[in-house]
Amino acid sequence: MKITKFTYDKPDNDDGNISFEMQGVLENDSDHDVEFVKKSVIMVNENDVTVGGTEDEDDRVFISSKDSGDVDLLNWMSVHKDVFKSGTGADCKAVIHMTTYRREFVKVGNMDIPEKEGDMTEVKKKISVGGVAEVLGMSVLRKANNDEGEAEFEMNLGIRNTSDSYIARAQTTLKVMDQRDAQIEDTQDYRELPAKSSIVFTPSFWGLKPGKIKNGTFNVTASVFVPIQTYTAEATPKPSKD
């Protein structure tokens, strides 16, 4: 990881805050595509004392194997001028950490939407996700329509971490498809998954008209994000040209 830009502005006249911005380039020399990153930045002053920081994650990033791509590390983070002896960002240093992740993806299945109250459809199998996690099937129970006449469902999908490693993100995506295979709605949820633990996802939808979903399906997928590599860097800022 190379820091390509790290700048600071003059202290704000109203509140005395100094704004920082940082960008970098990530060189993915692994055999896997990067599809998720977790990053953190600690800001220290001239005494190496923490005066600020941030942590973030990005699931929009995609960097192919053996390729490179831009990453945002700080977006106008502010630190008060009085934490620095000089009263400027020149006394700042940033300690940066980033972990890249590959995505392991499975199709859980296309489930028929239950036709009437009390009907239930199921995925009756265990599905391995990249050899590190397992989907323990899924159930969809049709309940009584709500007071607005909209369809109601009770959905449960279980994922367990079968590995000895922490999974930063386990994710499920559901799409509601009509009888013409056109998408009506979708929903996505994600959680952390410690080693040898499990979680039940309970997705839900609102505003589904019974007539519109007749003879339709739920398209279900699951993903886990597995660490590839961890990067560490330090940087000092330059004055912004603005």
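Predicted model: local features only at pLDDT ≥ 70, side-chain atom pairs only at ≥ 80, totals over all residues.
Residues are numbered from 1 along each chain as its sequence is written, and side-chain values use heavy atoms, without hydrogens and water. Local features need pLDDT of at least 70 and side-chain atom pairs count only at pLDDT 80 or more, whereas totals for chains, interfaces and linings use all residues.

**Overall form**

| Property | Value |
|---|---|
| Radius of gyration of the protein, over C-alpha atoms | 24 Å |
| C-alpha box along the principal axes | roughly 70 × 40 × 30 Å |
| Buried residues, of 242 residues | 43% |

A compact globule of 242 residues would have a radius of gyration near 18 Å, by the rule of 2.2 Å times the number of residues to the power 0.38. Buried means under 20% relative accessible area with a 1.4 Å probe, protein chains only.

**Nonpolar cores**

A nonpolar core is a set of buried Ala, Val, Leu, Ile, Met, Phe, Trp, Tyr and Cys residues joined through side-chain atoms within 4.5 Å. The largest has 33 residues, of which Met138, Phe153 and Phe218 touch the most other members. Strand β13 (217-235) is one of those that supply at least two residues of this core, and β13 gives the most, with five residues. A second, separate core of 25 residues includes Phe6, Tyr8, Leu26 and Leu73.

**Glu134**

Glu134 lies in strand β8 and is buried, at a relative accessible area of 16%. Its side chain makes a polar contact with the side chain of Arg160 (2.7 Å); a polar contact is a pair of N or O atoms within 3.5 Å, and within protein one must be able to donate a hydrogen and the other to accept it, while residues adjacent in sequence count only if both atoms are side-chain atoms.

Methods: Buried < 20%, exposed > 50% of the residue type's maximum accessible area, 1.4 Å probe, protein only. Helix = DSSP H or I, 4+ residues; strand = E, 2+ residues; numbered from the N terminus.
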